[in-house]
Amino acid sequence: MSLRRRLTLSLFTILILFAINVGTHFWGSYARSESMVAYRQAVTAGQLSTELAKQLEDQRQKILVLSTLRENTDDRLADADQRSALNSIAATRSTVEALGGMGSDVTALQFNLLRESSARLLSRWRAFYDNYNDPQWQSDVDDPIPYLEASQRLKELEQRQAFIAVQRANVIDRTIALTDRITVLGFIASIFLTATLGFFLVRYTNDNLKRLKRGTQRLGAGELDYRIEDIDDDGELGDLATAFNSMTDKLRRAIDEEKDAKLSADEANAAKSRFLANVSHELRTPLNAIIGYSEMLHDELDDQTPIDRNQYQNDLDKIVLSGRQLLGLIDDILDLSKIETGKMTLVREQFHPGEALTMAVDALAPLLRRNGNVLQCGDFSGLPTINNDAVKFRQIIVNLLSNAAKFTQQGVIKVSASFSQATERLEIAVSDTGIGMTTEQQALVFEAFVQAEDTTSNLYGGTGLGLAICRDFCALMGGEIRVASEPGEGSTFTVSLPVGPELTPEDA
């Protein structure tokens, strides 16, 4: 269980106990109030009973006196006295009804009996006053039974009300005692539970924080393989431990990546060192030829012997070829420098790729056939015109053909091209039956300053820039280059370029 849930549960439990205490207090107050109201009603009802008994007694004494006077005299009852007597009877009846309003379900039976008996008694008294002046009317008000019955019913109601008053007083006492006990027990339980929960929460939190502290100390000491896994929490503390573990993983990966980056940088530096060595060798080879043949021609001119024009022509051809090799090497270095600095520009123009392919193949035909290779070309007449950089297109083809000629002896070099209507892309494939490459070598073949093997430059020459420039030129022109090769089976380099101008990048 998480720390938040533990705290929430503890707080909820304490709030429940507090609510029980508060509810008990209000319940006790309400019970006391209700009992006090009932008690006051009982007292008021007792007072009304006493008043009713006095009214009945006064009315009976007055009627007995008037009954005696009626029998012994011929005096008539005045209208004013008659109305006053009837009002007194009505007041007594109202007192009875008021006494009923002060009752409850417990006293309903006694009140109903009182109301019936008092109604009969008051009806007799009212009839007495109504017929007092009629000499023929026979009065029965001297009969004490109705009065005694009403008095008896009134006493029973008073006794019942007194009993209820005593019961209500007992209920008040018991309610007060019960609410006091519940309040005290709830208060003690709240203190005990709060202390217990606080103790366990402090111990639980302290143990987990100690584990986190120990974990951070070990992580700070460099133990990046250490994991904080003994946190008994699936909430905030568990999340914190997970965050520490995740941070450790990221830190370890960052250190590993830094080591890999350092290793890659060291390898890149070593590759550049090999590249400089290769470049120095490649530069010296044509320079030595240029200087050597130039000195030889200079010495021959100083001699007084006749000039062999065919020999001179052959030597000058070698000087021109070496100069072009030197110029091509310098151009490759400059192109790579422009690409890396972002200064290489793209010159778009409409041209026919078949013509460019034919020119490149014709220009390199002697080189391609030098090692006894057979050159095979496909049909380029059906290719559409494209909108791209024609110079870079020819340079890509020249580099691929030169590369195929370099690594192929007594084999076949094939150039083919096709156009896809679905993708609107032109694909040119240059394949050979040369030495081929492994999968690992294919992954490095398009990297600058890198050759398939360290011995490649010694065996076949070159600087490792040609295919890197082809890759960058293809990306610049909105296309791509890929290779498929097997060791000893040859290689196939495929260049894919967009045809439409809308698929060609605007800028380099």
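Close-up A. Asp143 is partly exposed, with a relative accessibility of 31%; the class lies between buried (under 20% relative accessible area) and exposed (over 50%), using a 1.4 Å probe and protein chains only. The model is predicted: local features need pLDDT of at least 70 and side-chain atom pairs count only at pLDDT 80 or more, while totals for chains, interfaces and linings use all residues. Residues are numbered from 1 along each chain as its sequence is written, and side-chain values use heavy atoms, with hydrogens and water left out. Arg124 is also a partly exposed residue, at 29%. A salt bridge (a side-chain nitrogen of Lys or Arg within 4 Å of a carboxyl oxygen of Asp or Glu) joins the side chains of Arg124 and Asp143, with 3.8 Å from N to O. This pair links distant parts of the chain, 19 residues apart: Arg124 belongs to helix 3, and Asp143 to the loop between helix 3 and helix 4 (145-220). Helices (H or I, at least four residues) and strands (E, at least two) are DSSP runs numbered from the N terminus.

Close-up B. Helix 3 covers residues 108-130, which makes 23 residues. At 1.5 Å a residue the helix should span 33 Å, and its end C-alpha atoms are 32 Å apart, which agrees. The expected span is 1.5 Å times one less than the number of residues. The buried residues of helix 3 include Gln110, Phe111, Leu114, Ser117 and Ser118. Further along the helix, the buried residues include Leu121, Leu122, Trp125, Phe128 and Tyr129. An α-helix has 3.6 residues a turn, so residues three or four places apart point the same way.

Close-up C. In the whole structure, a search finds eleven salt bridges. One of them joins the side chains of Glu97 and Arg115, at 3.9 Å from N to O. Glu97 lies in helix 2 (residues 79-101) and Arg115 in helix 3, so the pair ties together parts that are 18 residues apart in sequence. Glu97 has a relative accessible area of 41% and is partly exposed. Arg115, at 35%, is partly exposed.

**Close-up D. Arg471 and Glu447.** The closest N and O atoms of the salt bridge between Arg471 and Glu447 are 3.9 Å apart. Arg471 is in helix 11 (residues 466-476), whereas Glu447 is in the loop between helix 9 (439-444) and helix 10 (456-460), so the pair ties together parts that are 24 residues apart in sequence. Arg471 counts as partly exposed at 29% relative accessibility, and Glu447 is partly exposed at 37%.

**Close-up E. Gln410, a loop residue with a positive phi.** Gln410 is not a glycine, yet its phi is positive, at about 55 degrees. The residue sits in the loop between helix 8 (390-406) and strand 4 (412-420). With a relative accessible area of 65%, Gln410 is exposed.

Close-up F. Glu424 is placed in the loop between strand 4 and strand 5 (425-432). Although Glu424 is not a glycine, its phi is positive, at about 55 degrees. Its relative accessibility of 36% makes Glu424 partly exposed.

**Close-up G. Phe419 and Leu497.** Phe419 is part of strand 4. Along the chain, 78 residues separate Phe419 from Leu497, while their C-alpha atoms are separated by 9.8 Å. Phe419 is partly exposed, at 29% relative accessibility.

**Close-up H. Gly436 and Glu489.** Gly436 belongs to the loop between strand 5 and helix 9. Gly436 is buried, its relative accessible area being 13%. From C-alpha to C-alpha, Gly436 and Glu489 are 5.6 Å apart in space, although they are 53 residues apart in sequence.
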